[in-house]
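These are my notebook entries on a structure that I had not examined before. I set down what I looked up, entry by entry.

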Amino acid sequence: MLLAPKLGGAPGGKQNSRLAAKDTRSKQGSAEKAGVSFFSTVYFMERDVYEMNKLRNFLGRKDIVFSAKRYGIDALGAMAQGLFCSLLVGTIVKTLGQQLGLGFLVDVGTYASAMSGPAMAIAIGYALKAPALVLFSLATVGYAANAIGGAGGPLAVYVVAVVTSEIGKAISKETKIDILVTPLVTILVGVGLAWLVASPIGTAARAVGQAIVWATELQPFLMGILVSVLVGVALTLPISSAAICASFGLVGLAGGAAVAGCCASPRSGIPENSRRLFSARSGVTQAKLPTLFLSAKALIFFSASLMPISFTVRS
């Protein structure tokens, strides 16, 4: 008598058990991987936060502040002061010496004008609170940037001096031979940066200035009004209009328009009574910027002041 074989039972159960165990191990592996990934993410986030705090503390210790006020107001205003104490005074003294026939004054004015680059760079470094070694090293940097930048030298000096000052502040007093490292790094970085960017910056600034001068020559009335109003507005802001005009090299009719804007500005050096009269008649009040843009009377006044000055400069 033959017995029928048993179907199902043990073999199928073992296979299901193996599959269940494999699935359990897979889930455990996935959970372990997820846990490792989570802790890795947390670790890298904590490390990034630590590095950011470390960088923030370093910048605070070095007094490196990235702000529009520090670079757009403090540094630009100091640059104008350096420009006044060198190029402006030198030009006045030199012109006086030429008119009076005094060679000594001509030489003094020439020397003062030649130091405009170092004067601007040192003034910018002073405004950015650079240490002494960095500040003194900026004399070489300013001279190089101004010489390489050509007619657009002031703008090149501004850009190069700002970047070099911050780099010099970062490495200052970080080594035991700071008296050698800081001047070397500051001068090498500054002159190298001037060699790379001063000429393009000077060319661009000169091109913008020439375009403004050309447009003013082409349309003296309308462009003269525009230039004079913009310079007058700049005088009401905490930025240096002199540094801006020097950077673009405004001469001729454009220079005359800029002078008209300076003279007509409520913050110019004209007497208080004249400022009040101008404010009353033109509708422009001091420290009210929107009025300078919107007052039609102000534009008429600027244009009326501009034309005789512009023709005088042209002649």
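**Entry 1: the surroundings of V106**

I began with V106 and listed its contacts, leaving aside neighbours within four places in sequence: V106 touches K94, G97 and Q98. I note here that the model is a predicted one. I then looked up where V106 sits, and found it in helix α3, which covers residues 103-114. I also checked L96, which is 10 residues from V106 along the chain; the C-alpha atoms of the two are 7.7 Å apart.

**Entry 2: salt bridges**

I next turned to charged pairs. As a general point, side chains of opposite charge can pair when their charged atoms come close. How many salt bridges does the model have? The count comes to five, and I looked at some of them in turn.

I took E174 and R61 to start with. They form a salt bridge in which the closest N and O atoms are 3.3 Å apart. E174 belongs to the loop between α6 and α7, while R61 belongs to helix α1 (residues 10-61), so this pair ties together parts that are 113 residues apart in sequence. I asked how open each partner is to the surroundings. E174 has 41% relative accessibility and counts as partly exposed. R61 has a relative accessible area of 55% and is exposed, because the cut-off for that class is over 50%.

I then recorded the salt bridge between the side chains of R70 and D63, with an N to O distance of 3.5 Å. Is R70 buried or exposed? R70 is buried, because its relative accessibility is 8% and the class takes values under 20%.

D74 counts as partly exposed, with 25% relative accessibility. K69 counts as exposed, with 52%.

**Entry 3: a nonpolar patch**

Last, I looked for nonpolar side chains on the surface. I177, I179, L180, L184 and L188 form a nonpolar patch there, and together they have about 550 Å² of accessible area. I looked up the position of I177 as well: I177 lies in the loop between α6 (153-171) and α7 (178-218). I had already placed E174 in the loop between α6 and α7.

Terms used: Residues numbered from 1 in each chain as written. Predicted model: local features only at pLDDT ≥ 70, side-chain atom pairs only at ≥ 80, totals over all residues. Heavy atoms only, no water. Patch = residues over 30% accessible without salt bridge, like charges linked within 9 Å, V, L, I, M, F, W, Y side chains within 5 Å. Areas by Shrake-Rupley, 256 points an atom, 1.4 Å probe, with all protein chains shown as cover. Salt bridge = Lys/Arg side-chain N within 4 Å of Asp/Glu carboxyl O. Helix = DSSP H or I, 4+ residues; strand = E, 2+ residues; numbered from the N terminus. Contact = heavy atoms within 4.5 Å. Buried < 20%, exposed > 50% of the residue type's maximum accessible area, 1.4 Å probe, protein only.
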